[in-house]
Amino acid sequence: MGELLVSKEGLGYLIMYGSQVFNINLVITSVVILAVVAYLMYLVISFIEKKIVQSK
């Protein structure tokens, strides 16, 4: 949340900047990139969790 409000770079900045200048393509692209990164992080955490549970 902090990145969206006060950052000077990054995906949060691009989302805020895109919404201020009415560049919907920039906003949607940034949100899609965030969604893909979040999904990949979920897969990694899920894989690690399965390995930990199996080892017990």
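Student: Which residues of helix 2 meet helix 3?

Tutor: In this predicted model, Leu11, Leu14, Ile15, Tyr17, Gly18 and Ser19 of helix 2 make contact with Leu26, Val27, Ser30, Val31, Ile33 and Leu34 of helix 3.

Student: What angle and what distance between axes describe the packing of helix 2 and helix 3?

Tutor: In general, the angle between the axes and the distance between them describe two packed helices. Here helix 2 and helix 3 pack at about 155°, and their axes are 8 Å apart. Helix 2 is therefore roughly antiparallel to helix 3, as angles over 145 degrees are counted in that class. The crossing of helix 2 past helix 3 is left-handed.

Student: Which residues of helix 3 are buried?

Tutor: Val27, Ser30 and Ser46 are buried in helix 3. Helix 2 (11-20) is included in what covers the buried residues of helix 3.

Student: Is isoleucine 45 buried or exposed?

Tutor: Isoleucine 45, which lies in helix 3, has a relative accessible area of 54% and is therefore exposed, the cut-off being over 50%. Its C-alpha atom is separated by 32 Å from that of serine 19, 26 residues apart along the chain.

Student: How can the length of helix 3 be checked?

Tutor: Helix 3 has 32 residues (residues 24-55), so at 1.5 Å a residue it should span 46 Å. The C-alpha atoms at its ends are 47 Å apart, which agrees.

Student: What should be noted in the loops?

Tutor: Phenylalanine 22, in the loop between helix 2 and helix 3, has a positive phi of about 60° although it is not a glycine. Phenylalanine 22 is exposed, its relative accessible area being 76%. Glycine 10 belongs to the loop between helix 1 (2-6) and helix 2, and is partly exposed at 37% relative accessible area. From glycine 10 to glutamine 54 the C-alpha distance is 37 Å, and the two are 44 residues apart in sequence.

Note on methods. Residues numbered from 1 in each chain as written. Predicted model: local features only at pLDDT ≥ 70, side-chain atom pairs only at ≥ 80, totals over all residues. Heavy atoms only, no water. Helix = DSSP H or I, 4+ residues; strand = E, 2+ residues; numbered from the N terminus. Expected span 1.5 Å × (residues − 1). Buried < 20%, exposed > 50% of the residue type's maximum accessible area, 1.4 Å probe, protein only. Contact = heavy atoms within 4.5 Å. Axes fitted to C-alpha atoms, helices over the stretch in contact; angles between N-to-C directions. Parallel < 35°, antiparallel > 145°, perpendicular 65-115°, else oblique. Left-handed = near helix turned anticlockwise from the far one by under 90°.
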